[in-house]
Amino acid sequence: MMTVTEAESYDRAKEVQQFEESKIGVNGITTIPRFFIHPPDALSAIRRSKLNTKPDPDIIPIIDFSGADSEQLRPTIVEKIPRAPREIGFFQVGNHGIGADVLERVIGAVKGFQELPPAVKAQFYDYLRDRSRGVSFSNVDIFHSTAASWRDTLVMRRGPTLPELDEFPEIRRREALEWSQHGKQLGELLMGLLMKEMTFIDGRMMIGNYYPYCPQPDLTVGIPFHTDPGALAILLQDHHGGLQCKCGDDWVDVKPVPGALVVDIGDVFQILSNDEYKSMDHRALANSSREARVSAVVFFAPSDRDRFPCPTRQFAMPNRLLGPFPELISPEKPARFRQFTRADYINRFYTKQLD
Ligand SMILES: O=C(O)CCC(=O)C(=O)O
Ligand SMILES: [Fe+2]
């Protein structure tokens, strides 16, 4: 048990600053700094929930997307999206048209980047503190979370304002672009299948999460429970697994299925759909295995491409109101959410605590 004097003498801000200035992230650190240690009540809730985690593969359906690009077959695929994501917020898609070789290259690229020599990687160190940068890596939530998490994140903004090609780490450029193009296509397909009104969702951010071995996995987490703030996320996880989503009172393992991608409904989708779809809590525990775990995610957020065709102008329209689609509001189902502006959304996106 920590004494009052110890607690008082701990200078968290200083330790965070030193970590930040080292620009190395968590990979390779052998004793976890104190600001990564989660509060005792959060840790005991995690311990309890680990005992209840359900590995049941049937809870999160795997939907076969063969033929999803054909007008005739589409309705049968839409029918296969039954309770999830409406109630669970997660499902997996197989036969989505993105080759296994592409997926393998994406995982390899995230891993390859994070395992570059620290001095090379450090050139990219910085996260949302400098939003003008198209590509950066960092430990994302050290400044606004109660406790930090054991992962390093590579962030790549792709659209509607694209980073310059040379902002991408050179050795990983090809993979980033390939993943971006495929992710965009699949995202559009999904959006059209789930809800036709979603055509103005094309703000994209790609991230690569790297969860290295954590020497004290019971004291911290890989990513704390959270909902994703955007509209939709497409997530690729490697064979380790580790993603869990909340289903009722229990946590459920989202098991890695070779070649499949996880689709996750975000807060914006829940709002625009007037609660038809749910944005659910998910998390990843700290990695206790010696081998790093990797996930790559493409997040989609609303932009105003249709109304304001110049891609950069949407950021100049921060006061446009977004809210449940009028066609989904009725006397039986009044609007469940108030309207919000893009400025509110962006602000929340960049300051949201993950715990
Ligand atoms: O790595 C994972 O499986 C989860 C990542 C995630 O939820 C996120 O980046 O928002
Ligand atoms: Fe997430």
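1. Is histidine 226 buried or exposed? Histidine 226 is buried, at a relative accessible area of 7% (buried means under 20%, exposed over 50%, partly exposed in between, with a 1.4 Å probe and protein chains only). Histidine 282 is buried too, with 5% relative accessibility.

2. The model is predicted: local features need pLDDT of at least 70, side-chain atom pairs count only at pLDDT 80 or more, and totals for chains, interfaces and linings use all residues. Residues are numbered from 1 along each chain as its sequence is written, chains are lettered from A and ligands numbered from 1 in written order, and side-chain values use heavy atoms, without hydrogens and water.

3. The iron ion (ligand 2) has His226 (NE2), Asp228 (OD) and His282 (NE2) as protein donors, 2.1 Å from it. Donors are N, O and S atoms within 2.8 Å of the metal (3.2 Å for Na, K and Ca); water is not among the atoms, so sites may look incomplete. The donor spacing in sequence is H-x1-D-x53-H. Histidine 226 belongs to strand E6 (residues 221–226) and histidine 282 to strand E11 (residues 282–285), so the pair ties together parts 56 residues apart in sequence. Strands are DSSP runs of at least two residues, numbered from the N terminus.

4. Ligand 1 has oxygen atoms at 3.0 Å from a polar side-chain atom of asparagine 209, at 3.1 Å from a side-chain N or O atom of histidine 226 and at 2.7 Å from one of serine 295. Taken alone, ligand 1 exposes 300 Å², of which the protein buries 96% (Shrake-Rupley method, 1.4 Å probe).

How values were computed: Helices (H or I, at least four residues) and strands (E, at least two) are DSSP runs, numbered from the N terminus. A polar contact is a pair of N or O atoms within 3.5 Å; within protein, one must be able to donate a hydrogen and the other to accept it, and residues adjacent in sequence count only if both atoms are side-chain atoms.
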